[in-house]
Amino acid sequence: MDKKQSTDTDTPTNENNPTFVSAIWKLTIAPIAIIIISLTVMVLSQISRNELTLVRILPIILGAIILTTAIIMLTRSLIKRLRGINALLPLLGESQFSEVRKALAPSINKSIKRNTASEVDQIERSLLDLSHKMEHQDENIDFHNKEIERMSLFDSLTGLVNRHLFLYETQNDLLDVQDNKRENIVAVIFLDLDKFKRINDSLGHQVGDLLLKKMGKRLRKATQKIGMVGRPGGDEFSILLRNIRSVRQLNTLCEKLQKLISQPIMLADTSIVVSCSIGIAASVSNSTKATDLVRHAEIAMYKAKDAGGGTYRLFTPSMASEAQDSLLLESDIRRAFTEKEFTLYLQPKVDTDNKIQSFESLVRWDHPKKGLLAPGLFIAAMESMGFISQLDDWILETSCRQLKILMEHYPGLSIAVNISSTRFSEESFVNFLQSCIEKYGIEPEHLELEITETMLMENMATATTILNKIKQMGIKIAIDDFGTGYSSLSYLKDLSVDTIKIDQAFIRDIPENEKDMQICSVIIYLAKQLKYKVVAEGVETKEQMDFLVASDCDLMQGYLFSKPIPAHKVLLMLETERLMNNSVPTKHSSFEDFQPAEPTEKSSYSTSD
Ligand code: C2E
Ligand code: CA
Ligand code: CA
């Protein structure tokens, strides 16, 4: 019955849209109606005056027909051009700039030749201008992205890959083995120069740096064909070995490396001989993670150091259990859950006016014997022992409960919760999230989840599906520790992400480190272009804050404003802020009352929140 009317065949954009009504057609109807009415009036007046003759009426009708036809033709051409412009807009969005320009060229050339510029001509020229500007901006973003990648993935002293890229590459290799793409063993060597501090102290840092550079070069040259060398920091080097077939091969290799390192090296006119301690770890199971492998190699390296240095050790599981100490006992962790030893701390994030806008949830373990433990001491163990999801759920639910309390008094505040990659990729996670929101009746847009980019990159497809589901629920997503993983904003562009958190590694050495400042301002600039909110973490000094405020960073988090405080003290903190009339005086003294005890000491705060 209701057949779609098909008009212009070459302007398909809006034809399928049943509500589309051309404004120009509407405008055309008015003049045509006026012509018809005038014509009718003329004819009627002639009839009334009995003067109606064909000779008189014919020119009027002809004139009216010509005028109407002209109006219709003009309108059609206008509609065609406007629809053409309309069809080009999505192409701009898809960055198909040359297509847009190709399509605009004939019409713009014509108008230039005519030396006229109607409104439509002007729209076309603006569109052309916009395509150039957007292309330039895209190139700019691409360039800066590559800069961030380069600066954040390579060690600036030696040019070797840094810890993050090393882990990333190792993880890729492990995945290849797991997917049966390769049969080799993946092994990691952790190498630490012996008594490097003495060289640094006696010959100066410049000579120390030179030594590291030369050693890096030697190692890279020697292992070129079998692996990749990285510098995780200090006087340590790591080597990813990709073509190892047997453990025996590893022993031979370590002996060779030791010989290589101990060859005399010329530094500041002095010939120096250094030795090194080496730890090796090889992937044993199909589920070995890069972080575990590197940690194991490091543990083995310390064993070599303990043995007096100048030697190497192959990692064995007993080394790990020795290193883990009693803290990592499974029974200890189980008791922590049943006895409610975990407790929630919150750290504020403030805006450029020093006003608290949100909090990050951070877990602490109030251990009966060891005191208040920071997550760095137990998260990795919980992860490897399979408790991390349980912990994440506890934190998430406790945070939602806390958010509910906060929202009653301060409805604008939000809470951000860290979610481990393990929990994030579990099927039950989204349902659990939903149940927490419903149970505490919180507004989802005030809850944010902090996840790391490495997690997203590990499994882009699954991550995207989960992210979209979370996004549909109205919950916000933040990328944590940005800059330490793959650091590609263009990657993130297609994901439902709201916030970028610049890792504290880039904030720590501001204002001394120019490079870090460059990275920060570029990240902030790009993130803003892509409409992300930017948070800087680990802000400790006024200089850092001033730099971030000047760089237009949205929120800041760090000891300068407040350390993480026990959740039950947060309302008091907010009340103080309110009493102080939303302004924080110099040195942020208002929050000092809330500084908690150092996490490693026994806490005096109650463990329940
Ligand atoms: P993160 O997500 O990067 O959290 C920020 C860390 O930086 C926190 O350490 C915080 O106390 C610390 N910090 C904040 N401001 C400053 C500052 O100005 N200077 C310095 N030096 N440090 C600052 P924390 O609480 O020890 O947490 C460490 C990491 O443990 C977190 O890093 C996060 O990755 C993980 N974590 C903490 N709580 C949870 C949790 O509930 N679940 C999961 N999965 N991970 C958690
Ligand atoms: Ca975090
Ligand atoms: Ca972080």
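Which side chain makes a polar contact with the side chain of Asp332? I looked this up and found the side chain of His367, at 3.0 Å, where a polar contact is a pair of N or O atoms within 3.5 Å, one able to donate a hydrogen and the other to accept it within protein, and residues adjacent in sequence count only if both atoms are side-chain atoms.

I note that this is a predicted model, in which local features need pLDDT of at least 70, side-chain atom pairs count only at pLDDT 80 or more, and totals for chains, interfaces and linings use all residues. Residues are numbered from 1 along each chain as its sequence is written, chains are lettered from A and ligands numbered from 1 in the order in which they are written, and side-chain values use heavy atoms, with hydrogens and water left out.

I placed Asp332 in helix α11, residues 330-338 (a DSSP run of H or I, at least four residues, numbered from the N terminus), and Asp332 is buried at 9% relative accessible area (buried is under 20%, exposed over 50%, partly exposed in between, with a 1.4 Å probe and protein chains only).

Asp480 is buried at 7%, whereas Asp481 is partly exposed at 26%.

Finally, I recorded a mean pLDDT of 84 for the protein chain (pLDDT is the predictor's confidence in each residue, from 0 to 100).

Conventions. Helix = DSSP H or I, 4+ residues; strand = E, 2+ residues; numbered from the N terminus.
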